[in-house]
Amino acid sequence: MAKWKDAVRRVLYPAYESRVVKGLPAGRIPKHVGVMLDGNRRWAKAVGADAASGYRAGADNIQPFLGWCEEVGVEVVTLWLLSTDNLNRPPEQLAGLLTVIEGAVESLAATGRWRVHPVGALDLLPAETAEKLKAADEATRDVDGLLVNIAVGYGGRREIADAVRSLLLDQNSKGATLEQLAETIDVEHIAEHLYTKGQPDPDLVIRTSGEQRIGGFLLWQSTHSEFYFCEALWPDFRRVDFLRAIRAYAERERRFGT
C-alpha cells in the first residue's frame with residue numbers, strides 16, 4: 001500500500017506543484033524566509049536509525065530547499081541549525097551534530113551558488129567549527145545569489161544581549177556617556193547591532209515537525225513575521241510542503257501590528 005501511495009504521489013505531485021507555483025502572486029512572495037529545521041532526531045527514531053543519520057538526512061534536504069526558494073524569488077533564507085540550548089547536549093551527540101553542520105556549510109560554500117553567512121555566538125562554538133563557518137562566509141562574500149544565514153550557536157535572547165553590548169561598546173568608543181545613550185537609544189540603534197544587521201526582517205518563519213512555538217528564533221526580527229507550522233519532520237519536508245507555506249503566506253493579510 002505504501003509503495004502504491006508513493007507511486008501516485010510521484011505522478012500527481014509535479015502537476016499539483018506546477019499549478020501552485022503558477023498561482024502564486026508575484027507581488028506577495030516573502031523576501032526573507034526563516035526556517036526552524038526541526039525533527040531530525042524524531043525522523044531517525046522513526047526509521048530505526050541513530051541521531052547522526054537524522055542529522056545527515058536533514059542536511060541533505062538543505063540544498064533542495066534553497067533551490068525551491070530561488071525558484072519562487074526568495075532573497076534571504078535563515079536556517080536555524082543549532083541553538084545555544086543545543087550546546088548542552090551530551091558531548092558525543094553534539095560532536096556528531098557539529099560534524100554534520102560543518103560538512104553542510106562547506107558543501108553550500110563549495111557550490112559557489114549562494115552567499116553563506118553565519119549568525120550566532122561563534123565564540124561559544126569549538127574553534128574548529130567557528131573557523132569553518134568564517135571560512136565559508138569569506139569564500140562566498142562576493143557571490144551574487146541567495147543570502148543564506150546559517151544560525152549556529154544561535155539564541156534570540158543571546159543575540160539581543162550581544163546587540164546591546166555591542167551598542168554600548170560602540171557608543172563608549174565615541175565618547176558618549178551612559179546618560180546620553182539612555183536619552184537617545186531607540187529600537188533602530190539596537191537593530192544596527194543584531195547578527196542580521198542590514199538585512200530585511202523575515203516575512204515568513206517556517207517550523208517543521210508539528211511544534212508550534214518559536215523557541216527563541218529571531219525574537220527581535222520576527223515581530224511582524226507570519227508563521228507557518230508544518231507537520232512534516234525536516235528530512236521529509238518536500239517541495240510541495242514549501243509551496244503550501246508560500247501560498248499560505250501569500251493569502252494572508254499582513255497587518256504589521258496595526
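Visitor: How do the axes of α4 and α10 cross, and within what distance do they come?
Guide: In this predicted model, helix α4, residues 62-72, and helix α10, residues 239-251, have axes that come within 10 Å and cross at roughly 40 degrees. That angle makes α4 oblique to α10.

Visitor: Is that crossing left-handed or right-handed?
Guide: The crossing of α4 and α10 is right-handed.

Visitor: Which residues of α4 and α10 meet there?
Guide: From α4, the residues are F65, W68, C69, E71 and V72, and they meet R239, F242 and L243 in α10. By class, the residues of this contact of α4 with α10 comprise 6 nonpolar, no polar and 2 charged.

Visitor: Staying with α4, at what angle does α3 pack with it?
Guide: Helix α3, residues 51-60, packs with α4 at an angle of about 25 degrees, and their axes are 4 Å apart. Angles under 35 degrees count as roughly parallel, and α3 and α4 are therefore roughly parallel to each other.

Visitor: And which residues make that contact?
Guide: On the α3 side they are G58, A59 and D60, and on the α4 side I62, Q63 and P64. The contact of α3 with α4 has 3 nonpolar, 2 polar and 1 charged residues.

Visitor: Changing topic, which residues does UniProt list for "active site"?
Guide: The UniProt record, an unreviewed entry, lists D38 and N86 under "active site". These two span 49 residues in sequence, yet no two of their C-alpha atoms are more than 12.2 Å apart, so they gather at one spot. Both D38 and N86 are included in the lining of the largest pocket.

Visitor: Where is D38 found?
Guide: D38 is in the loop between β1 and α2. The UniProt record, again as an unreviewed entry, also places the feature "binding site" at D38 and E226. Of these residues, the lining of the largest pocket includes D38.

Visitor: What does the other "binding site" annotation cover?
Guide: According to UniProt, in an unreviewed entry, that annotation covers G39, N40, R41, R42, W43, S83, T84, D85, R89 and R207. From this set, the lining of the largest pocket takes in G39, N40, R41, R42, S83, T84, D85, R89 and R207.

Visitor: And where does G39 lie?
Guide: G39 lies in the loop between β1, residues 32-36, and α2, residues 40-46.

Visitor: Back to helices: at what angle do α5 and α6 cross?
Guide: The axes of helix α5, residues 91-111, and helix α6, residues 127-139, cross at roughly 15 degrees and come within 9 Å. The two helices, α5 and α6, are therefore roughly parallel to each other.

Visitor: Left-handed or right-handed, for α5 passing α6?
Guide: The crossing in which α5 passes α6 is left-handed.

Visitor: Which residues of α5 and α6 make the contact?
Guide: L98, E102, V105, E106 and A109 belong to α5, while E128, T129, K132, L133 and A136 belong to α6.

Visitor: How do the residues of that contact divide by class, then?
Guide: The residues of the contact of α5 with α6 divide into 5 nonpolar, 1 polar and 4 charged.

Note on methods: Residues are numbered from 1 along each chain as its sequence is written. This is a predicted model: local features need pLDDT of at least 70, side-chain atom pairs count only at pLDDT 80 or more; totals for chains, interfaces and linings use all residues. Side-chain values use heavy atoms; hydrogens and water are left out. Axes are lines fitted to C-alpha atoms, for helices over the stretch in contact, and angles run from 0 to 180 degrees between N-to-C directions. Angles under 35 degrees count as roughly parallel, over 145 as roughly antiparallel, 65 to 115 as roughly perpendicular and the rest as oblique. A crossing is left-handed if the near helix is turned anticlockwise from the far one by less than a right angle, and right-handed if clockwise. Contact means heavy atoms within 4.5 Å. Ala, Val, Leu, Ile, Met, Phe, Trp, Tyr, Cys and Pro count as nonpolar, Asp, Glu, Lys and Arg as charged, and the others, Gly among them, as polar. UniProt positions are given in the numbering used here, feature names are shortened, and annotations may be inferred rather than shown by experiment. On a 1 Å grid over the protein atoms alone, a cavity is a set of points where a 1.4 Å probe fits but cannot get out, and a pocket is an open set with protein on both sides within 12 Å along at least five of seven lines; lining residues have an atom within 4 Å of a point.
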